[in-house]
Every structure is written in C-alpha cells, then in structure tokens.
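Please keep the sequence and the model in view while reading.

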Amino acid sequence: MSLLLAASRRSSSLASTMKLASIKKASLASCTSMRDMSTSSKENILPTSWIDIMDRSSQIFFLTEIWRGFFLCFEAALKPKVTINYPYEKGYLSPRFRGEHALRRYPSGDERCIACKLCEAACPAQAITIDAEA
C-alpha cells in the first residue's frame, strides 16, 4: 500500500513539475513579447537633451524649489502689516461714499424711491419687494 502511495505521490509531483515547466515556458514567451513591446515603446519616447537632464538634476540636487519656498515665506513675513486698530484708526473712505442706503422723502412727505431695488437686495429676510411703475 505504501509503495502505491509513494508512486502516486511521485507521479503527482512529476505532473506538477511538468505544469510548472509549461508555465515557465509560457512566461518566457510572454517576456520575449514584452521585450519586443518595450523596444517598440522606446521608439515612441522623445529624446531628452543633456541640458534638460542636467537642469533637472541640479534642481533636485540643490533643492531650488525648497529655497524658493523659504524665500517667499520670509518675504511675506517681512512685508508691513496692513491691519488697522479699528476703533482708534479709521480706514480709507472713497470720496464717492455716501453712507448707507436710506429711503429719502420729499418735503411734502412723499417717498423719493426710484425703484433701484437696492433695498430689496439688501434685505436679509427678503421681506421687501419693489414693483416699479412705468
């Protein structure tokens, strides 16, 4: 019994070895086709000049991007501040500034509305609607 079991194990290991050999042959065939593809894909690559290669490698070696970032950071830190101390300092007002929108009235008490709809746009609750009469 043990002889039959040993023989069957040998034949199964032999079959698995044969399968592995066929898989290796298939993979080698695919590798050669991949090599052929790689050589054809190399033809599609644009040639890179030595100047471009040296320029890029010098940028990597000297870390120029990092130094430019540091310079930009320090430049921003050394600029004068633009914030103001509001209650004590007032900001610049344009000479055309006329204050908030307000509904003006004629001396007779009638409204001087020209239907510009600025009140409607400024109302946060959208409670104002203006219908202009032509």
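Gln126 counts as exposed, because its relative accessibility of 67% is over the 50% cut-off. The model is a predicted one, and Gln126 is placed in the segment after H4. Gln126 also has a positive phi of about 55°, although it is not a glycine. The points below are grouped by topic.

**Segment after H4**

- Thr129 is likewise found in the segment after H4.
- With a relative accessibility of 63%, Thr129 counts as exposed.
- Thr129 and Lys117 are twelve residues apart along the chain, and their C-alpha atoms are separated by 8.1 Å.
- A separation of 8.7 Å is found between the C-alpha atoms of Cys116 and Ile130, which are 14 residues apart along the chain.

**Backbone at Leu63**

- Most residues other than glycine have a negative phi.
- Leu63 has a positive phi of about 55° and is not a glycine.
- The position of Leu63 is in the loop between helix H2 (50-62) and H3.
- Leu63 counts as partly exposed because its relative accessibility, 43%, falls between the limits of 20% and 50%.

**Aromatic rings and a charge over a ring**

- A pair of aromatic rings is described by the distance of the centres and the angle of the planes.
- The count of aromatic pairs comes to two.
- In the pair formed by Phe61 and Phe62, the ring centres are 4.9 Å apart and the planes stand at 75°, so the pair is edge-to-face; the angle meets that class because it is over 60 degrees.
- Phe61 is exposed, with a relative accessible area of 63%.
- Phe62 also counts as exposed, at 51% relative accessibility, because the cut-off is over 50%.
- The charged end of Arg112 sits over the ring of Tyr106, at 5.7 Å from the ring centre.

**Largest pocket**

- The volume of the largest pocket is about 400 Å³.
- Its lining consists of 16 residues, of which Ala102, Leu103, Arg104, Arg112 and Cys116 lie nearest the centre of the pocket.
- By class, the lining of the largest pocket comprises nine nonpolar, two polar and five charged residues.

**Chain as a whole**

- The protein chain has four helices and zero strands.
- From the N terminus on, its elements run α-α-α-α.
- Of the 134 residues in the protein chain, buried residues make up 1%.
- The accessible surface of the protein chain comes to about 13,500 Å², and 64% of this surface belongs to carbon and sulfur atoms.

Conventions: Residues are numbered from 1 along each chain as its sequence is written. This is a predicted model: local features need pLDDT of at least 70, side-chain atom pairs count only at pLDDT 80 or more; totals for chains, interfaces and linings use all residues. Side-chain values use heavy atoms; hydrogens and water are left out. Rings of Phe, Tyr and Trp (its six-membered ring) pair if their centres lie within 6.5 Å; planes under 30 degrees apart count as stacked, over 60 as edge-to-face and the rest as tilted. Buried means under 20% relative accessible area, exposed over 50%, partly exposed in between (1.4 Å probe, protein chains only). A charge sits over a ring if NZ of Lys or CZ of Arg is within 6 Å of the ring centre and within 35 degrees of the ring normal. Helices (H or I, at least four residues) and strands (E, at least two) are DSSP runs, numbered from the N terminus. Accessible areas come from the Shrake-Rupley method with a 1.4 Å probe; for residues, only the protein chains shown count as cover. On a 1 Å grid over the protein atoms alone, a cavity is a set of points where a 1.4 Å probe fits but cannot get out, and a pocket is an open set with protein on both sides within 12 Å along at least five of seven lines; lining residues have an atom within 4 Å of a point. Grid points are joined across faces, edges and corners, and a volume is the space filled by probe spheres set on the points. Ala, Val, Leu, Ile, Met, Phe, Trp, Tyr, Cys and Pro count as nonpolar, Asp, Glu, Lys and Arg as charged, and the others, Gly among them, as polar.
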